[in-house]
Amino acid sequence: PDLFESPDYYQLDELLSDEHKLIRKTTREWVKRNISPIIETYAQKAEFPKQTIKGLAEIGAFGPYIPLEYGGAGLDQISYGLIMQEIERGDSGIRSTASVQSSLVMYPIWKYGNEEQRQKYLPKLASGEYIGCFGLTEPNHGSNPSEMKSNFNDKGDHYLLNGSKMWISNAPFAQVAIVWAKNENGRIHGLIVERGMKGFTTPETSNKWSLRASATGELIFDNVKVPKENLLPNKSGLGAALSCLDSARYGIAWGAIGAAMDCYDTALRYSKERIQFGKPIGQFQLQQKKLAEMITEITKAQLLTWRLGVLRDNDKASSAQISMAKRNNVNMAINIAREARQLLGAMGITGEYSIMRHSMNLESVITYEGTHDIHLLITGMDITGLNAFK
Ligand code: TGC
Ligand code: FAD
């Protein structure tokens with residue numbers, strides 16, 4: 001099945017510009033040609049398809065909204081969202097690589113770096129010459145990164161970095177890592193750590209059943225000498241790291257729609273082809289209920305993200321609004337994947353179809369960038385004014 005349909009039940013295309021539609025079409029065609037034919041093999045062998053890096057850069061997936069002067073694509077937030085949607089229609093792991101590169105590596109360098117750092121790193125990240133990763137989570141501090149133990153000390157002409165990070169996307173092959181660590185005063189800062197610095201290693205995490213086509217690893221810092229010019233100077237504190245997450249979470253809210261659409265398309269097509277009891281299974285009310293609920297949820301998610309994109313383009317979106325969209329849309333996608341899998345019967349568990357892979361991938365997506373529970377508590381805090389984390 002190599003066709004992609006784009007369900008547009010509420011004529012939402014009328015809300016998009018011609019440029020948006022062109023960007024979506026270009027990305028969709030690229031995914032169809034370059035991801036769909038290979039992704040099952042790479043997921044099965046648990047390997048990131050590195051040959052896709054150049055193409056991802058060419059379609060503007062690395063830094064869609066980073067200004068052109070730094071090699072980014074200079075696009076708006078809806079375009080960024082549509083690119084993430086189409087990539088995740090292919091695979092959440094490939095979208096992860098694009099999310100990390102754009103929102104967790106290029107964004108902090110652009111926003112919190114100095115001009116020298118921007119010039120040095122952004123064009124290479126935009127072109128895919130460098131791949132980056134983002135180290136916030138530690139073995140003992142996931143949902144609660146403010147308690148992190150990674151630390152650096154001022155040694156006069158350099159900083160000495162110690163500690164470790166875990167579950168880091170792209171870590172095994174990234175050239176640069178944005179690492180969040182505490183200074184002597186316990187203040188969190190972002191540091192640009194480069195592969196090759198003595199004492200810095202990135203062991204790969206194996207045995208994942210989810211996001212298998214994305215490379216995940218640890219970042220280990222054993223007395224790593226980091227040049228002072230590698231500290232991001234323009235913002236510190238946990239808020240600096242969390243604001244990068246806002247941008248990535250927004251992209252994930254769109255991406256999850258892509259995964260859900262692919263599951264829905266596949267299930268809809270199968271429901272018309274598969275005959276049981278002398279009729280297509282799509283003629284049974286139980287299967288229609290599944291399909292009708294899928295398209296309803298996809299449509300609601302599309303409206304949520306479109307509106308959020310408009311708010312972001314006008315600098316009006318709050319972090320809590322982003323949390324709501326990430327939580328709702330990933331949950332929507334994981335439920336659709338599960339229903340679609342059942343609609344395909346036994347065929348649904350095979351790699352002949354993309355559904356089981358999406359389903360397993362989404363188990364990571366619902367956990368990373370703030371778990372389903374954490375985002376609910378962010379909404380809870382926003383509406384009650386009462387903080388469940390303190
Ligand atoms: P709290 O005291 O609430 O906040 C500390 C400071 O940060 C500010 N802030 C934010 N700023 C920008 N954007 C946000 N979303 C922000 N949320 C909070 C806040 O205003 C405060 O500023 P200031 O100036 O007063 O200091 O922090 P807390 O320690 O109580 O934690 C709050 C909580 C639980 C919401 C936060 O820690 C959290 O979001 N935890 C989840 C951790 C998480 O999402 N980790 C993700 C790791 S990266 C990843 O998963 C990448 S996967 C990539 C891929 O493959 O796609
Ligand atoms: P925990 O924080 O230990 O949570 C365990 C459970 O407890 C969850 O269900 C959680 O919702 C619940 N819980 C925690 N606190 C509360 C509370 N206050 N109230 C109620 N329930 C609570 N991190 C990075 O920094 N960079 C990356 O590139 C990155 N990539 C990742 C890739 C993959 C494939 C995966 C799976 C994770 C990745 N992560 C990355 C880590 C991810 O962000 C964390 O896994 C996530 O933040 C949750 O942390 P944890 O796994 O330690 O779970």
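Analyst: Start with ligand 1: of the 26 residues around it, Ser96, Ser146, Gly239, Ser319 and Gly370 come nearest. This is a predicted model, in which local features need pLDDT of at least 70 and side-chain atom pairs count only at pLDDT 80 or more, while totals for chains, interfaces and linings use all residues. Residues are numbered from 1 along each chain as its sequence is written, and chains are lettered from A and ligands numbered from 1 in the order in which they are written.

User: What makes a residue one of the 26 around ligand 1?

Analyst: Its C-beta atom, placed from the backbone, must lie within 6 Å of the molecule. For ligand 1, 26 residues pass.

User: Which helix gives the most to the shell around ligand 1?

Analyst: Helix 7 does, with seven residues. Helix 5 (92–112), helix 7 (238–273) and helix 11 (372–384) each supply at least two. Helices here are DSSP runs of H or I with at least four residues, strands are runs of E with at least two, and both are numbered from the N terminus.

User: How are the residues around ligand 1 divided by class?

Analyst: There are 12 nonpolar, 12 polar and two charged residues. Nonpolar means Ala, Val, Leu, Ile, Met, Phe, Trp, Tyr, Cys or Pro; charged means Asp, Glu, Lys or Arg; the others, Gly among them, count as polar.

User: Why is strand 5 called mostly covered?

Analyst: A residue is buried if 20 or more other C-beta atoms lie within 10 Å of its own, exposed if 12 or fewer, and partly exposed in between, with C-beta atoms placed from the backbone. In strand 5 (residues 188–194), six of the seven residues are buried, so the strand is mostly covered.

User: How do you know that strand 4 and strand 5 pair?

Analyst: Two strands pair if DSSP finds at least two bridges between them. Strand 4 (residues 176–182) and strand 5 have seven, in the antiparallel sense, so they pair. Valine 179 stands opposite leucine 191 in strand 5. The two strands form a hairpin with five residues between them, and glycine 186 in the turn has a positive phi of about 80°.

User: Which residues of helix 2 are buried?

Analyst: In helix 2 (residues 36–44), they are Ile39, Tyr42 and Ala43. They cover an arc of only 95° around the axis, so they sit on the same side of helix 2. That arc is of the directions from the helix axis to the C-beta atoms. Pro37, Thr41 and Gln44 are exposed on the other side.

User: What do the buried residues of helix 2 pack against?

Analyst: They pack against helix 4 (77–90) and helix 10 (355–365). Contact here means C-beta atoms, placed from the backbone, within 7 Å.

User: Why is glycine 74 called partly exposed?

Analyst: Glycine 74 has 15 other C-beta atoms within 10 Å. Glycine 74 is found in the loop between helix 3 (53–58) and helix 4. Not counting residues up to four places away in sequence, glycine 74 touches Pro67 and Leu68.

Methods. Contact = placed C-beta atoms within 7 Å.
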